[in-house]
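Good morning. Please have the display open.

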Amino acid sequence: MNPIKIIIDKATWNRKEHFEHFNAFDDPFFGVTVHVDCTNTYYYAKEKGLSFSLLILHRIITAAIKIEELRYRIEGNNVVCYDSLVPEATVGRADHTFYFASFDYDADEDVFVQRAKAEMDRMQHTTGLNKNGAFHSNAIHYSTVPWFTFTDMKHPTNMNSGDSVPKISTGRFFYDGERLMIPVSITCHHGLMDGYHISQFLEILEL
């Protein structure tokens, strides 16, 4: 299904000056890293025999869709708002290379996980980045770093690309007493949103 988008009227937009200010920066992205309790998701995945990492991805995208600012994108001279999001992820192969994957979002997490797992299995015997298989305008870029936990994350950025896609990453979970915590890094275009909008996302993120 093709996504629907509306053009934001910048003349009446309450972020007009904020957007113009930060969009003129060489690097207009800002980011935060927080530790999120993922205990329930971990044990639910084990009980149901589901992929923990794909379940995390589904719950992240489900929360992100509910935050309007995470659906804003810069397209040419326009700021647009999409009605949906496509999860695009880096997925590792057995030879320690990775490829770009695009997954069809489904509100049913079981359906999403099964379809995403099938796509990952299909791509395991390919080579290269699969650059033609991803890159949707309404994407959320996601990556997982399962080998270690972290307290910060820096993403490579093409300063001349006009990129405005939010980037969300997770690391290796760790124990905090009886709770399992996972680092979640969120990097966004500061012309489109602030820390307040990230706090809204984190408030409704159910891991």
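Of the 207 residues in the chain, 44% are buried, meaning under 20% relative accessible area with a 1.4 Å probe, counting protein chains only; exposed is over 50%, and partly exposed is in between. Note that this is a predicted model, where local features need pLDDT of at least 70, side-chain atom pairs count only at pLDDT 80 or more, and totals for chains, interfaces and linings use all residues. Residues are numbered from 1 along each chain as its sequence is written, and side-chain values use heavy atoms, without hydrogens and water.

The chain has five helices and 10 strands, which are DSSP runs numbered from the N terminus (helices H or I, at least four residues; strands E, at least two). Its radius of gyration is 17 Å, close to the 17 Å from the globule rule for 207 residues, so the chain is as compact as a globular protein of that length. That radius is taken over C-alpha atoms, and the rule is 2.2 Å times the number of residues to the power 0.38. Along the principal axes, the C-alpha trace spans about 50 × 40 × 30 Å.

Now helix H3, residues 52–65. At 1.5 Å a residue, its 14 residues should span 20 Å, and the end C-alpha atoms are 20 Å apart, which agrees. The expected span is 1.5 Å times one less than the number of residues.

How many residues of H3 are buried? The count is 12 of 14, so to speak mostly covered. Among them are Phe52, Leu54, His58, Arg59 and Ile65.
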